[in-house]
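Reader: Can you walk me through this model? Keep it quick, please.
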Amino acid sequence: MPNYESVRNYTEKVLSLISQDEIDSDAAKWVTKETLDGFREYVNPGFLEYRKSVTLGTLDAAVEWADSGPNGFRDVNGKEYIDCLGGFGIYNVGHRHPKVVKAVVDQLNRQALHSQDLLDPLRAMLAKILADITPGDLKYSFFTNSGTESVEAALKLARAYNPSKPTILAATKAFHGKSYGSLAGTAKGVFRRPFMPMMPGFRHIAFNDIDMLHKTMHACKMVGEDVGAVLLEPIQGEGGVNIPEDDYLPTVRELCNQYGALLILDEVQTGMGRTGKMFCSEHYDVAPDILCLAKSFGGGVMPAGATVATEEVFSRLFDNPFLHTTTFGGNPLACAAAIANIHVLIEENLPARADELGRYMLDGLREAVKGHEDKVLDVRGKGLLMALEFVDDAIGFEVAKHMFENGVLVAGTLVNAKVIRVEPPLTILHEQADRVFEVLADALENTRVTV
Ligand SMILES: *Cc1c(COP(=O)(O)O)cnc(C)c1O
């Protein structure tokens, strides 16, 4: 028999903490201890090892507690950080944008979740908005709770549309999520190997290699395993911010047309203004048959995603809309957040801001790494999706760690720090960007090359 009395006391204590804006140092100590113990005993001790390596062995600084304005957050001890990781691209409109928060709270005060049977209005309105802003003939939307679900829906739509063309092509270094269908498209061996066999039908081609794509499509056709869909990120995020040649995506589009394959663009990370346009595919004037969205789609407040397809493709679900469903996808809170998110992106002209600030930051980062060519191989990016490529993991890791100690969070881990992503909110201020350059230069100054 569980000790419900003690669980009730514990939950009461936690609820009381959540309700406070500020916590005192005793409470901070308790939160830190409970968090570390909880991760060690009940979440996954592996995270402690991973995080410890970025926090100088003292994990006190590794527990987060609150946002500190649109572009940063505070740890449990009150130390502030500029967020240059942006939750891997979930904070495009910043942390807790007031209009997104208001929309969610307004909706919450009226109705939290939907009946699941009647027609929910915000779903219809959000779908219409997406048809208006997405490229080409994209028209119908299926709503999800995450990126991997958006990709799953796209894969099922593609299979339903092209039942006699079983092959799906994805690119090396791709990241599409970790549920089984998406994982088959994801390229990283360490994430796939323990879970074999993968969903059948996938083949990987080198990213940005038209010749290989063409030859593979041809070979697949020759052997009767035609390519039904090509799944790509327009710019690879997780794979290291890999930007293709300007003519790559347009040529992929042509080849897809020629072979009767659908083009699925995964803009889970590049969408919603991140690269300087509302959708990254607009840079290349390419419209996919299916578009996958998530991450910042919910305005950094709600988990939300969407799979948007042309009428021709989506119509496979018209006869039976229950062929693919999800209980929570497109719930009223998520739709309210997504609608407010799009409103803010347009009203504050954030895609253009990402373009301008992206140029500013790329210049500043390049300036900051000058004289450190023995450590930094490349600084690249489009809009505010940027990356620093180091000579090796160890140097990238040291730099990320030093930056964290000095109040700038970037995405560099012990496992993968050769390329560090820099993805601040699109609302980052010039003076915050300047501070990032300063901290980076200082980090490089203090990092030794060990051979
Ligand atoms: C993060 C990401 C995903 C997976 O999203 P989840 O919400 O973590 O499932 C899929 N595709 C791309 C391009 C991503 O960056």
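Reader: Which side chain has an N or O atom 2.6 Å from an oxygen atom of the ligand?
Author: Lys-295. That is a polar contact (a pair of N or O atoms within 3.5 Å). This is a predicted model, where local features need pLDDT of at least 70, side-chain atom pairs count only at pLDDT 80 or more, and totals for chains, interfaces and linings use all residues. Residues are numbered from 1 along each chain as its sequence is written, and side-chain values use heavy atoms, with hydrogens and water left out.

Reader: How far is Gln-269 from the ligand?
Author: An N or O atom in the Gln-269 side chain lies 2.8 Å from a ligand oxygen. A polar side-chain atom of Asp-266 is 2.7 Å from a ligand nitrogen.

Reader: What surrounds the ligand?
Author: Among others, Ser-146, Phe-175, His-176 and Glu-233. Near here takes a heavy atom within 4 Å. By class, the shell has two nonpolar, six polar and three charged residues. Gly counts as polar, and Asp, Glu, Lys and Arg count as charged.

Reader: New topic. Which helix gives the most to the lining of the second largest pocket?
Author: α6, with five residues. Helices are DSSP runs (H or I, at least four residues).

Definitions and conventions. A polar contact is a pair of N or O atoms within 3.5 Å; within protein, one must be able to donate a hydrogen and the other to accept it, and residues adjacent in sequence count only if both atoms are side-chain atoms. Helices (H or I, at least four residues) and strands (E, at least two) are DSSP runs, numbered from the N terminus.
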